[in-house]
Amino acid sequence: MGRARTIARRTFLIGSAAIAGGVAFGAYMVMRDPANPLAQDAGAGEAVFNPWVKINAEGITLVTPHVDLGQGAASMQATLIAEELDVDLDQVTTTMGRPSAAYYNTALAAEAVPFRSNDDGLLPNVMRDTMGAVMKVLGAQVTGGSSSVPDSFDKLRRAGAVARETLKRAASEETGIPTDALRTDRGAVVLPDGTRMAYTALAATAATLEPVDDVTLRDPSQWRLIGKDMQRLDIVAKSTGTQIYGIDVAIEGMKFASVRMNPRKGAALSGFDASAAEGMRGVERIIGLPYGVAVVADNTWRAFRALDEIEYDWADAPFPAEQADHWAAVAASFTEDRLDKEWRNDGDVEAALAGEGTLEAEYKAPYVAHQPLEPLSAVALVESDRVDLWVSHQLPRFAQQRVAARLGMEPDQIHLHNQYAGGSFGHRLEFDNVDVAVDVAAKMPGTPIKLTFSREEDFAQDYNRQIGIARGRGAHANGQVTALDLDIATVSAARSQSKRLGAPVPGPDTQIPAGAWNMRYAVPNLRVRAYAVPELAPTSSWRSVGASTAGFFAEGFLDELIHAAGADPMAERLRLANDPDARAVLEAVAEMSNWGEALSQGVGRGVALVTSFGVPTAEVVEVRDTPDGIRIERVWIAAEVGQVVDPVNFENVVAGGVIWGLGHAMNSEITYSDGRAEQDNFHMAEGMRLHQCPVIEVRGLENNDTVRGVGEPPVPPAAPALANAIFAATGKRLRQMPFFHEVTFA
């Protein structure tokens, strides 16, 4: 009954989310497809079969609306369309297109419902469908949550197939040959005698036809592109330094701006004295804003210099000024009134913990910045009846609506031109750069304003990863783990973030215990409880979100229990694994690493298995204890994703996630003093250095029918596998990130 009540409440909350977004809907709204945005701009003789494919006499254009943050999203989306359209990637042009409700993302629905991703029961599937309907009706165009591949895999192949079959019908109209006698090949319809009719030549006729919706997707045995190594569309530009990112956008006549906002994140500007900056070379405008000061100059560097000369009077931070008080607030949150939800309660935990062989430990995870290499930027041009905005953003429709509300305009007056991003890791889900660029541009109508955050400002204004503490208790007997009880207290990044979106969603936050409550182990007595810490410093989604902290807590403490039981870390995990996908990835990394072979003195291996965004991912890290410190030598990682679209890109994304996860576990944190983040650049929050990078071996498993994304899942196992390896090599157990506080890395 209790579970039923919880689910019923969640159902209500999902409905509330829709209403909070300004939409109440019924079956008609769910069934209705959003308008095709390409149709609005279609010229004469231009065929727009659906929101993703446009063909005219000049060429073939594919729309790839999931923004490319460095993960290869543009190439992946183009590949899926091209597979069924029968074109190669050198025959097409891609664009991210305009923001549109047609590009809603339903794949995120799976992570938003309180069910484990491998729970395939009726109720979980109904809830996923319900949440998917919410996403569709809201037109939630979102890039994030490793959802680009699962959201696109069927949708975009179907888009390509619809275009292909419509072009065949156009050829039939022109020749009188039945469509079943026609085939397609590399951008042409091929007649029975071998004559080729280019798609571009058929566009005008195709534009007069209703798209052929009754299509059958090709069997995987017929795929030409999917599953094959490919060259990414952006590889040449990125290899030659010619890729245009958001920060590279140049508009004729533009001026250059930068901003200094209250370093006590979220607080106001009380006053400022700009007399020392007035008259500096190149300075054209100094603009006071409620939250800071912007300088407009003839180049970005001069804007930076002028900001340094201004004297500011900042208001106090709306959260504890000192880091110790942040930790104290988290530690004080293990109380009944802050219990967000008991997510797991298998067996009889209290009885199991009443016997001998028990263990307790506390783990901590700090705030961490997103710190993408490309700092925040935007170009804005505000005119009386139109705004143009060039920016890299993961929520382009929300950004569009936000600007419209800010300027008292209609959303369709805001023209957002989405750009390639030089990394994000969740940073570009926020809006500070959009707000500032538009606020400044609105003061100078008709003048394009290019806003660039300095690196220091980018760090200072970030919305960091959630801070958290976990308290674990466990038991073992007869060489086996018999009980695991994990209490996790963190601030809720989801609530912090959704509040800024103007649609706060109450109820349990699935991300506080993500990576722990959904562990794929059959520990006989298992309990996971999540506690919501009242908001401290504002936080946001950070690559892998809750699993980046809870996965560390769960797999670190489980390793302690396994060691106390005297069991082998891999063998005991395999014994506990209660899911075929989890067993498969563990078996894969065991085989890849030759787990169990004799190791040299001072060499240790650690293993971790964490499920993040539906992807069970196992990782083995090998370290060597050297006179210069811990050296990470090798990593083996396996993930179950259902289908690998591009093996080369898959390997690169996974290896990048490993390096990113290890580097942050080693070196990165944000701490506060006087209400300000103490770390303001990479030298104080280092990633992994090039000479520290280990050899990484990647394997993608395709045993499951459900296609998943892999942008986030490689991150959560990195920290616990590294900590467990260091323990194996040195006997030192690490329970708090970053690890550099306790060990030196060579």
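# Close-up views of a predicted model

View 1. E165 and K168 both sit in helix 6 (residues 148–175), 3 residues apart, which is about one turn of the helix. Helices (H or I, at least four residues) and strands (E, at least two) are DSSP runs, numbered from the N terminus. This is a predicted model, in which local features need pLDDT of at least 70 and side-chain atom pairs count only at pLDDT 80 or more, while totals for chains, interfaces and linings use all residues. Residues are numbered from 1 along each chain as its sequence is written, and side-chain values use heavy atoms, with hydrogens and water left out. The side chains of E165 and K168 meet in a salt bridge (3.5 Å, N to O); that term stands for a side-chain nitrogen of Lys or Arg within 4 Å of a carboxyl oxygen of Asp or Glu. Side chains of opposite charge can pair when their charged atoms come close. Are E165 and K168 buried or exposed? Both E165 and K168 are buried, where buried means under 20% relative accessible area, exposed over 50%, and partly exposed in between (1.4 Å probe, protein chains only).

**View 2. Further salt bridges.** By this rule, the model holds 50 salt bridges. One of them joins the side chains of R573 and E555 (2.8 Å, N to O). This pair links distant parts of the chain, with R573 in helix 17 and E555 in helix 16, 18 residues apart. R573 and E555 are both buried. The side chains of R624 and E633 also meet in a salt bridge (3.0 Å, N to O). Here R624 is partly exposed, with a relative accessible area of 31%, and E633 counts as partly exposed at 21%.

**View 3. Aromatic pairs.** Rings of Phe, Tyr and Trp (its six-membered ring) pair if their centres lie within 6.5 Å; planes under 30 degrees apart count as stacked, over 60 as edge-to-face and the rest as tilted. By this rule there are 13 aromatic pairs. The rings of F319 and Y672 have centres 5.3 Å apart and planes at 70°, so this pair is edge-to-face. F319 lies in the loop between strand 12 (311–314) and helix 10, and Y672 in strand 25 (residues 672–673), so the pair ties together parts that are 353 residues apart in sequence. F319 is buried, with a relative accessible area of 8%, and Y672 is buried as well, at 4%. For F552 and F553, the ring centres are 6.1 Å apart and the planes are at 50°, so the pair is tilted. F552 and F553 are both buried. One aromatic cluster is formed by Y363, F552, F553 and F739.

**View 4. Around Q323.** Q323 is found in helix 10 (residues 323–331). This residue is buried, with a relative accessible area of 11%. What does Q323 touch, not counting residues up to four places away in sequence? Its contacts (heavy atoms within 4.5 Å) are Y367, I467, I670, T671 and Y672.

**View 5. Helix 20 and its surroundings.** Helix 20 (residues 718–730) has 13 residues and reaches 18 Å from its first C-alpha to its last. That is close to the 18 Å expected at 1.5 Å a residue, the expected span being 1.5 Å times one less than the number of residues. Why is helix 20 described as largely enclosed by the rest of the structure? Because 11 of its 13 residues are buried, among them P720, L722, N724 and F727. The buried residues of helix 20 pack against several elements, including helix 16 (547–565), helix 17 (569–576) and helix 19 (647–667). Helix 20 is followed by G731, whose phi is positive, near 80°.

**View 6. V698 in strand 27.** V698 has its place in strand 27 (residues 695–701). Leaving out residues up to four places away in sequence, V698 touches M592, I637, F650, E651, V654 and A655. V698 and N418 are 280 residues apart in sequence and 32 Å apart in space, C-alpha to C-alpha.
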